[in-house]
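Here is a briefing on aromatic contacts and charges over rings. Please keep the structure open while reading.

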Amino acid sequence: MHQRIEDYALIGDEQTAALVGRDGSVDWLCLPRFDSAACFAALLGDEDNGHWRIAPKGAGPCTRRAYRPDTLVLDTEWDTDEGSVRVTDLMPQRDRAPDLVRIVEGLSGRVTMRGLLRLRFDYGSIVPWMRRSDGHRVAVAGPDSVWLRSEPPVHTWGKDFGTHSEFTVAAGEKVAFVLTWHPSHEPRPPLVDPHEALRTSVEDWQAWAARCRYDGPHRDIVMRSLITLKALTYAPTGGIVAAPTTSLPEDLGGVRNWDYRYCWLRDSTLTLGALLAAGYHEEAEAWRDWLLRAVAGDPADLQIMYGLAGERRLSEYEVPWLRGYADSYPVRVGNDAVKQLQLDVYGEVTDSLSLARRSGLPSKPHMWRVQVALMEFLRTAWHQPDEGIWEVRGPRRHFVYSKVMAWVAADRAVRAVESNPKLEGNLEGWRAMRDEVHREVCERGYDPERHTFTQSYGSRELDASLLLIPRVGFLPPDDPRVLGTIDAVHRELGRNGLLRRYSTEGPDIDGVAGGEGTFVVCSFWLAEALHMTGRTREAREMFERLVGLANDVGLLSEEYDPGSGRQLGNFPQAFSHIGLVGTALALFGGEQAG
């Protein structure tokens with residue numbers, strides 16, 4: 001029986017991340033990068049696919065857990081008949097090698113602890129060769145090597161292809177474990193002091209959090225979302241992964257299971273806006289620079305997503321030995337949506353570069369050339385049908401949101417030249433394109449009988465992305481077509497006060513079998529749209545409801561099922577946390593942000 005998705009907490013070192021369950025088990029960890037093969041994959045299989053549990057002997061879920069304030073350091077505590085104990089989990093900022101540090105501390109009484117480490121490289125498929133060396137347990141298989149040590153030394157023994165331990169901690173006593181990965185052909189990296197790593201990790205995270213300019217309502221959950229976004233950043237390049245997991249299902253027992261350990265271009269504008277508004281200009285600049293590197297080349301070859309360093313080949317394949325979370329099969333690695341044409345990303349990239357310019361981020365000499373090249377391609381390409389923002393695996397269509405974002409690209413290019421005549425570009429051509437796109441969308445993408453824009457030309461389906469029309473400036477918030485669209489989307493896509501991104505009922509909607517839950521970021525978009533149209537009380541009530549969906553440590557997945565009350569999809573999801581931050585800033589930032 002798998003733990004619920006919301007039973008997990010995140011720790012990480014800004015190059016990879018681990019998920020720790022309420023039972024003290026690390027069930028997911030990819031080393032050395034977010035997109036590397038997992039060495040703990042019990043999340044998508046069973047315990048024999050790799051995990052590391054430290055907990056009181058015979059104990060179940062913890063009594064309580066929490067992050068230390070404004071950090072990514074996790075404290076998990078159990079109260080038992082013998083006494084109370086705490087396990088502190090963290091991944092310190094790495095020098096060379098990634099370390100997972102687990103510190104057991106007795107709080108009262110005398111508690112017997114049990115540990116079980118099952119390392120399984122390559123997504124749970126490879127049992128490594130284990131040996132002892134200088135007081136360490138060393139696991140080696142192919143290119144991977146992991147060293148495990150404890151301070152003070154704890155007796156360990158091998159059984160059933162796992163490393164077992166049992167020890168006792170009294171009040172005030174501490175036992176620290178450190179698991180370190182390195183390439184097997186290299187010597188063991190220098191040892192990390194676990195207690196010093198804890199101290200510096202807390203200090204570093206709290207110093208970073210202190211830079212946040214937001215001081216309005218719900219600051220704790222906003223700060224937790226910003227810390228999560230920081231944790232999902234691949235520090236060497238500045239790229240931000242959509243989530244640290246693959247194949248957590250959008251439909252329990254279904255096939256909507258995708259790999260999100262890559263960087264999506266469409267997140268760019270929302271991410272930049274959230275980071276800049278919250279005061280994190282260095283992170284915003286790093287993300288902008290990653291974006292410029294990733295999109296370099298022929299505009300016709302622009303992808304919707306890239307690897308952590310801008311890699312382009314993200315071929316999708318299935319992992320047959322993992323049965324999937326809650327038997328949701330297949331488990332996928334890679335993402336074939338990388339091959340899709342999604343015209344909206346041209347608008348998102350152009351909007352991001354314009355936002356960076358307006359916000360005063362240091363300019364790059366080739367930044368405008370990139371924008372011009374994208375625009376010249378889009379001048380003819382915008383007429384094509386595409387797969388749309390939601391990466392449907394069905395037939396291409398003329399998605400309204402894709403056309404709106406083509407308008408955004410033209411609008412931002414026109415405004416840039418108008419505000420800075422030194423910038424060279426096809427101003428008249430871009431103006432003509434802007435007018436033509438706007439006219440076509442209003443004629444072919446709007447249903448006058450229902451008073452709403454539709455998902456695609458000629459369709460009666462609706463789409464939550466239409467809520468962004470006033471945000472991007474395509475039409476003003478008080479335009480009757482905007483007001484009608486908000487009401488229609490709310491009415492037809494709403495479910496228990498939350499929002500689906502589109503209807504999955506009916507043939508050939510998106511080319512994938514099964515349904516899905518409500519989409520968290522779309523519900524945040526609805527709250528922001530309500531606020532923009534003067535319905536601020538409703539917007540704040542919805543924001544309160546959405547904040548309540550976060551788990552006990554403030555994390556959100558991609559989707560939520562109101563029927564079962566469970567989080568669904570990859571976890572934690574950057575898009576959801578970006579939505580939370582952006583909506584909080586919209587609702588409260590003008591009043592409360594410093």
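Helices (H or I, at least four residues) and strands (E, at least two) are DSSP runs, numbered from the N terminus. This is a predicted model: local features need pLDDT of at least 70, side-chain atom pairs count only at pLDDT 80 or more, and totals for chains, interfaces and linings use all residues. Residues are numbered from 1 along each chain as its sequence is written, and side-chain values use heavy atoms, with hydrogens and water left out.

**Aromatic pairs**
- Rings of Phe, Tyr and Trp (its six-membered ring) pair if their centres lie within 6.5 Å; planes under 30 degrees apart count as stacked, over 60 as edge-to-face and the rest as tilted.
- The whole structure holds 16 aromatic pairs.
- Trp 205 and Trp 208 pair edge-to-face, because their centres are 6.2 Å apart and their planes stand at 80°.
- Helix α2 (residues 194-209) carries both Trp 205 and Trp 208, three residues apart, about one turn of the helix.
- Trp 208 also stacks with Tyr 280, at 4.0 Å centre to centre and 15° between the planes.
- Tyr 280 lies in the loop between α4 (268-278) and α5 (281-295), so its pair with Trp 208 of helix α2 ties together parts 72 residues apart in sequence.
- Trp 390, Phe 519, Trp 525 and Phe 575 make up one aromatic cluster.

**Burial**
- Buried means under 20% relative accessible area, exposed over 50%, partly exposed in between (1.4 Å probe, protein chains only).
- Trp 205 is buried at 7%, and Trp 208 is buried at 8%.
- Tyr 280 is buried too, as is Trp 208.

**Charges over rings**
- A charge sits over a ring if NZ of Lys or CZ of Arg is within 6 Å of the ring centre and within 35 degrees of the ring normal.
- Arg 33 has its charged end over the ring of Tyr 234, 5.3 Å from the centre.
- Arg 102 places its charged end over the ring of Trp 52, 5.2 Å from the centre.
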